[in-house]
Amino acid sequence: MLDKKKVCIAAVAGLAVVTSGIALAKKNTNAPTLYGKVFVTADSRANVTTTSPSDTVGTEQINSNGSRIGIKGKLKTDIKGIDVIYKLEWGVDVAADTADLVGYEQDVLTRRDQYVGLKSKKLGTLIAGTHNTALKDVGRKVDLFNHYYLGDLETAFTGEERLGSTLMYTSPKF
């Protein structure tokens, strides 16, 4: 049986090696950018287990909140002022325990923004693929607990999602 944690580590290491190889070979501004973020918290909260408020049991756990790895870039086209853009990003559950993975459908890697598109300073941007809804993009500017396991606005509102099969146009800044 495959150890999902080892497969995840191998995939991330392979992506890093391939990306750095491409970047070194090209040595230009069109080289893809490999990026990532690890955001881990130790969370504790009290759960009332009986009718008496004095009888509580604490729940402590380590959570991976919005940790990710990705590759993004742009390529010049023959059409002046229009570039091809792309982004492939995966959520990484760095707090996953291999014991948790046995018999459960807990994914160590999950799909995040993954798209290809065209970008122009004059015409705007058109992308196709998986992307955040407009509410999710706007929400991160006002969400004080964005990506935090216990307080993200997505637990209170519907519509803050990442949707596949998205065709999205963003107008240029005027």
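Author: Let us begin with Val-38, which sits in the loop joining strand 1 (33-37) to strand 2 (40-48). Strands, like helices, are DSSP runs numbered from the N terminus (strands: E, at least two residues; helices: H or I, at least four). The model is a predicted one, in which local features need pLDDT of at least 70 and side-chain atom pairs count only at pLDDT 80 or more, while totals for chains, interfaces and linings use all residues. Residues are numbered from 1 along each chain as its sequence is written, and side-chain values use heavy atoms, with hydrogens and water left out.

Val-38 has a relative accessible area of 63% and therefore counts as exposed (exposed is over 50%, buried under 20%, partly exposed in between, with a 1.4 Å probe and protein chains only). Together with Val-40, Ile-62 and Val-94, Val-38 makes up a nonpolar surface patch of about 350 Å² accessible area. Such a patch takes residues with over 30% relative accessible area and no salt bridge, joining nonpolar side chains (Val, Leu, Ile, Met, Phe, Trp, Tyr) within 5 Å and like charges within 9 Å. The areas come from the Shrake-Rupley method with a 1.4 Å probe, and for residues only the protein chains shown count as cover.

We turn now to the charged side chains. With a salt bridge taken as a side-chain nitrogen of Lys or Arg within 4 Å of a carboxyl oxygen of Asp or Glu, the count comes to five. One network of salt bridges links Lys-87, Glu-89, Arg-112, Asp-113 and Arg-162. Arg-112 is buried, as is Glu-89.

A further salt bridge brings Arg-162 and Asp-113 together, at 3.2 Å from N to O. Because Arg-162 lies in strand 8 (residues 162-170) and Asp-113 in strand 6, this pair ties together parts that are 49 residues apart in sequence. Asp-113 has a relative accessible area of 5% and so is buried, whereas Arg-162, at 24%, counts as partly exposed.
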